[in-house]
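Please work through the exercises below with the sequence and the coordinates at hand.

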Amino acid sequence: MTYRAISEILEQHDADFGAAEAHGVATGMLCVEIKADVENWLRELFADGQQLADEDKNLLCGVFEQTRTLLENQNDEFAFDLLLPDEDEALPDQVEALRCWCQGFLFGVGYAQTDADWPGDTAEVMRDMIELTKIDSDLGDEDDENALIEIREYVRAAVFTVRDQFAEQNPLQPH
């Protein structure tokens, strides 16, 4: 599953989100409710309800289901990763994608969790995610690259914090 392939499908169909943001939305929805419906996610991506070619829809559904599987697999948290551009892409593009991913994650959590009663450490994570949506993509030196790697790792860990908090709140969910 490549970032570029997902980007092309979304651009081709005038989706409301780019690839990173769309993956953030999916992850946020699944953190709140691991049984979230892929069709709801697709409706958010393509607000005008346009029909996708089977191949494109299958690829997008595959991304959603793979994300679900990786979030469910508690024994291997490091298998889950954010869908972002490759590290050989320009640093500002990587930072912008991370910013969009965080924005999408906030949207996805908000989509599935409408009340403000955040369990456990979730409120703190949400505040951090909001701050990351304000990140400046005008970067370029090695320190910035290292900072981006650290932020990406923090976001990956934060996803599991949120998932675990909601799973504890809803003990009927499998995790």
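The model is predicted: local features need pLDDT of at least 70, side-chain atom pairs count only at pLDDT 80 or more, and totals for chains, interfaces and linings use all residues. Residues are numbered from 1 along each chain as its sequence is written, and side-chain values use heavy atoms, without hydrogens and water.

**Exercise 1.** Determine how H2 is oriented relative to H7.

Solution. Helix H2 spans residues 19-32 and helix H7 residues 142-169; their axes are 7 Å apart, at an angle of about 30 degrees. This makes H2 roughly parallel to H7, a class for angles under 35 degrees. In contact (heavy atoms within 4.5 Å), Thr27, Cys31 and Val32 of H2 meet Val159, Val162, Arg163 and Phe166 of H7. These residues comprise 5 nonpolar, 1 polar and 1 charged.

**Exercise 2.** Determine how H1 and H2 are oriented to each other.

Solution. Helix H1 (residues 3-12) packs on H2 at about 95 degrees, with the axes 8 Å apart. The two are therefore roughly perpendicular, the class for 65 to 115 degrees. H1 contributes Tyr3, Ile6, Ser7 and Leu10 to the contact, and H2 contributes Ala19, Ala20 and Ala22.

**Exercise 3.** Classify the aromatic pair of Phe80 and Phe160.

Solution. Ring centres must lie within 6.5 Å to pair, and planes over 60 degrees apart count as edge-to-face. Phe80 and Phe160 lie 5.7 Å centre to centre with 85 degrees between the planes, hence edge-to-face. Phe80 is in the loop between helices H4 and H5 and Phe160 in H7, so the pair ties together parts 80 residues apart in sequence. Both Phe80 and Phe160 are buried (under 20% relative accessible area, 1.4 Å probe, protein chains only).

Note on methods. Axes are lines fitted to C-alpha atoms, for helices over the stretch in contact, and angles run from 0 to 180 degrees between N-to-C directions. Helices (H or I, at least four residues) and strands (E, at least two) are DSSP runs, numbered from the N terminus. Angles under 35 degrees count as roughly parallel, over 145 as roughly antiparallel, 65 to 115 as roughly perpendicular and the rest as oblique. Ala, Val, Leu, Ile, Met, Phe, Trp, Tyr, Cys and Pro count as nonpolar, Asp, Glu, Lys and Arg as charged, and the others, Gly among them, as polar. Rings of Phe, Tyr and Trp (its six-membered ring) pair if their centres lie within 6.5 Å; planes under 30 degrees apart count as stacked, over 60 as edge-to-face and the rest as tilted. Buried means under 20% relative accessible area, exposed over 50%, partly exposed in between (1.4 Å probe, protein chains only).
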